[in-house]
Amino acid sequence: MKQVKTRSACPISNVLDLFGDKWTLLILRDMIFEGKSSYGECTASDEKIATNILADRFELLESQGLVTKKVSPVHRSKFIYTLTEKAIDLIPLIAEMVLWGSKHFEGTGTKPENLLAQLKKDKAGTIKTYTTRLKKQL
């Protein structure tokens, strides 16, 4: 099991110890908002994550109880990753990051393309929609 080494008892520091690299939240973003669930789907993201880093981050996410891994029923040599309740609890935080980033970085957009508009129009409703949809998959 992959361990996260914490530097202090500070909650912010602990969150950064888990999510402080540039890939982990992007993987969760893709799983939450784009419905990605496989290794191949995640490697196709715009950011072009290296396969060894993706494998490492999936291992980290699984060890920390944020995703579960199952053998694909269609392709027995592939795995399907599913978000856990713990990961679903991150939706409001990631939604806030989307809103903050779009406000402070010109030319940014989101996938799905209408996510930003939905969050600006009805943040609570959008968060509830994604949360409800993902909890039904548990």
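Is Phe33 buried or exposed? Phe33 has 5% relative accessibility, so it counts as buried. Buried means under 20% relative accessible area, exposed over 50%, and partly exposed in between, with a 1.4 Å probe and protein chains only.

This is a predicted model, where local features need pLDDT of at least 70, side-chain atom pairs count only at pLDDT 80 or more, and totals for chains, interfaces and linings use all residues. Residues are numbered from 1 along each chain as its sequence is written, and side-chain values use heavy atoms, without hydrogens and water.

Now look at the rings. The structure holds three aromatic pairs. Rings of Phe, Tyr and Trp (its six-membered ring) pair if their centres lie within 6.5 Å; planes under 30 degrees apart count as stacked, over 60 as edge-to-face and the rest as tilted. Phe33 and Tyr130 have ring centres 4.9 Å apart and planes at 80°, so this pair is edge-to-face. Phe33 sits in helix H2 and Tyr130 in helix H8 (residues 123-136), so the pair links distant parts of the chain, 97 residues apart. Tyr130 is buried too, at a relative accessible area of 9%. Another edge-to-face pair joins Trp100 and Phe105, at 5.9 Å centre to centre and 70° between the planes. Phe105 is partly exposed, at 47% relative accessibility.

Phe33 also takes part in a helix contact. Leu25, Leu28, Ile32 and Phe33 in H2 meet Ile91, Ile94 and Met97 in H6. Contact means heavy atoms within 4.5 Å. Helices are DSSP runs (H or I, at least four residues), numbered from the N terminus.

Note on methods
Helix = DSSP H or I, 4+ residues; strand = E, 2+ residues; numbered from the N terminus.
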